[in-house]
Amino acid sequence: MKLINTKKKQTNRTRRRAFTLVELLLVLTILAILAGIVLPQMAGRGEQARVAAAKSDIASFKTALGMFEVDNGFFPKGRTGLQDLVAKPNNAQNWRGPYLADKTTVPLDPWNHAYVYECPGKHSPNTYDLMSMGPDGRIGGDDDICSWDTQK
């Protein structure tokens, strides 16, 4: 008889340690509610990160353009001036580049569009204008990230 009682006690302990279906459903419901609260808040973070990356890239370009100007006495001219940061232009006698971290190409903005560079600039006539067209890929609008806005 003792042998039967011992097995019965072990079986009862095993049952007590297992989760019931109701407990599992309750945990899944709580996780679903938490996911419903957290995920929408995290969804906008990707776009914020791309905007921050574009601002950081513009700051890096400003540094590289400043170094180019110190070495050569002028900023690269025209709309293709950013190429002068990675490849020596004919008119730059004291060029000591490449001035960008990626020494072979000018990086694209976080939305895979080329940065827009113009020297002399319309907004900064003594230097240059530099901008990312933002998510919509068009010049103009509230989503453009511009060098003249970051000077504020």
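These legends accompany close-up views of a predicted model.

**View 1. The largest nonpolar core.** Here we look into a core of 23 residues, where F61, L65, L82, L85, Y117 and L130 have the most contacts inside it. Helix α3 (residues 45-72) supplies the largest share of this core, with six residues. Apart from this core lies another one of five residues, including V116, M131, M133 and W148.

**View 2. The surroundings of Y117.** Leaving aside residues up to four places away in sequence, Y117 touches L65, F75, P76, G78, R79, G81, L82, Y128, D129 and L130. Y117 is also among the residues with the most contacts inside the largest nonpolar core.

**View 3. An edge-to-face pair, F61 and Y115.** The structure holds six aromatic pairs. In the pair shown here, the rings of F61 and Y115 sit 5.1 Å apart centre to centre, with 70 degrees between their planes. F61 belongs to helix α3 and Y115 to the loop between α3 and β1 (116-118), so this pair ties together parts 54 residues apart in sequence. F61 is buried, at 1% relative accessible area, and Y115 is buried too, at 8%.

**View 4. An aromatic cluster.** F68, F74, W95 and Y99 come together in one aromatic cluster. Within it, W95 and Y99 pair edge-to-face, 5.8 Å centre to centre and with 85 degrees between the planes. W95 is buried, with a relative accessible area of 18%, as is Y99, with 9%.

**View 5. A nonpolar surface patch.** L21, L25, L26, V27, L28, I30, L31 and L34 make a patch of about 790 Å². One of these residues, L31, has its place in helix α2 (residues 21-43). L31 is partly exposed, with a relative accessible area of 49%.

Methods
Residues are numbered from 1 along each chain as its sequence is written. This is a predicted model: local features need pLDDT of at least 70, side-chain atom pairs count only at pLDDT 80 or more; totals for chains, interfaces and linings use all residues. Side-chain values use heavy atoms; hydrogens and water are left out. A nonpolar core is a set of buried Ala, Val, Leu, Ile, Met, Phe, Trp, Tyr and Cys residues joined through side-chain atoms within 4.5 Å. Buried means under 20% relative accessible area, exposed over 50%, partly exposed in between (1.4 Å probe, protein chains only). Helices (H or I, at least four residues) and strands (E, at least two) are DSSP runs, numbered from the N terminus. Contact means heavy atoms within 4.5 Å. Patches are made of residues with over 30% relative accessible area and no salt bridge: like charges are joined within 9 Å, nonpolar side chains (Val, Leu, Ile, Met, Phe, Trp, Tyr) within 5 Å. Accessible areas come from the Shrake-Rupley method with a 1.4 Å probe; for residues, only the protein chains shown count as cover. A salt bridge is a side-chain nitrogen of Lys or Arg within 4 Å of a carboxyl oxygen of Asp or Glu. Rings of Phe, Tyr and Trp (its six-membered ring) pair if their centres lie within 6.5 Å; planes under 30 degrees apart count as stacked, over 60 as edge-to-face and the rest as tilted.
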